[in-house]
Amino acid sequence: MSTPFLAGLAIAGAALAGKYVIQAWQSFKARPPKPRLRKFYDGGFQPKMTRRESALILGIRENAGTEKVKEAHRRVMVANHPDAGGSHYLASKINEAKDVMLGKTKDGGSAF
Amino acid sequence: MTEQEARQILGVTEETSWEEIMKKYDTLFERNSKNGSFYIQSKVHRAKECLEAAHQGKGEGTPT
């Protein structure tokens, strides 16, 4: 009786909703890239540098290879070079991080 | 984080003026956001927070 009418309304409603969904999706895709709002790591450096902290300092994975470690070390060092306004403390941490990553990589990373 | 470590991270001394400290913070923060790691950026940020708290504490004078 009025079923085709209702069906038509439902389809129109769905189409309208779909249109808005598509618009929202497009504006979402086209949004200006915002810096990700990550929570900063707490506290200072660890008293004894671990492989995990080293990887974090260099911004690489714990299983990164020698080349990646050296690349990352160079990059992070440039950003924190004492001659360019960085601090010696950070520079030494970055160097230590590289040593830890490379030291462990050489002997396969096993503690046993 | 201790005040001492905070100063070491930013490369300042006890005599460094607050303005200088902020300049160092800005420089280090920017450079690490571009080329450094987020982890180092965090440490720089936490160092500034720590020194800021100490600075506010000193600036208050006698507590009422």
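Mentor: A salt bridge is a side-chain nitrogen of Lys or Arg within 4 Å of a carboxyl oxygen of Asp or Glu. This is a predicted model, in which local features need pLDDT of at least 70 and side-chain atom pairs count only at pLDDT 80 or more, while totals for chains, interfaces and linings use all residues. Residues are numbered from 1 along each chain as its sequence is written, chains are lettered from A and ligands numbered from 1 in the order in which they are written, and side-chain values use heavy atoms, with hydrogens and water left out.

Trainee: Which side chains meet in a salt bridge?

Mentor: Those of B:R46 and A:D42, at 2.9 Å from N to O. The rule finds one salt bridge across the interface of chain A and chain B.

Trainee: How many residues of each chain are in contact there?

Mentor: Contact means heavy atoms within 4.5 Å. By that rule, 25 residues of chain A touch 22 residues of chain B.

Trainee: What area do the two chains bury between them?

Mentor: Buried area is the accessible area (1.4 Å probe) that two parts lose on being put together, summed over both. Chain A and chain B bury about 2,200 Å², 61% of it on carbon and sulfur atoms. A:F40, A:Y41 and A:Y89 supply 29% of the area that chain A buries against chain B, more than any other three residues.

Trainee: Is helix 2 of chain A mostly covered or mostly open?

Mentor: Helices are DSSP runs (H or I, at least four residues), numbered from the N terminus. Buried means under 20% relative accessible area, with a 1.4 Å probe and protein chains only. Helix 2 of chain A, residues 51-58, is mostly covered, with seven of its eight residues buried. Just after this helix, A:G59 has a positive phi of about 70°.

Trainee: Why does A:I57 count as buried?

Mentor: Because its relative accessibility is 0%. A:I57 is found in helix 2 of chain A. Leaving aside neighbours within four places in sequence, its contacts include A:F45, A:V76 and A:I94, and also B:S37, B:Y39 and B:I40.

Trainee: Which residues touch the most other members of the largest nonpolar core?

Mentor: In soluble globular proteins, nonpolar side chains tend to be buried together. A nonpolar core is a set of buried Ala, Val, Leu, Ile, Met, Phe, Trp, Tyr and Cys residues joined through side-chain atoms within 4.5 Å. Here the largest has 34 residues, of which A:I57, A:L58, A:I60, B:L10 and B:V44 touch the most other members. Helix 4 of chain A gives the most to this core, with eight residues.

How values were computed. Buried means under 20% relative accessible area, exposed over 50%, partly exposed in between (1.4 Å probe, protein chains only). Helices (H or I, at least four residues) and strands (E, at least two) are DSSP runs, numbered from the N terminus.
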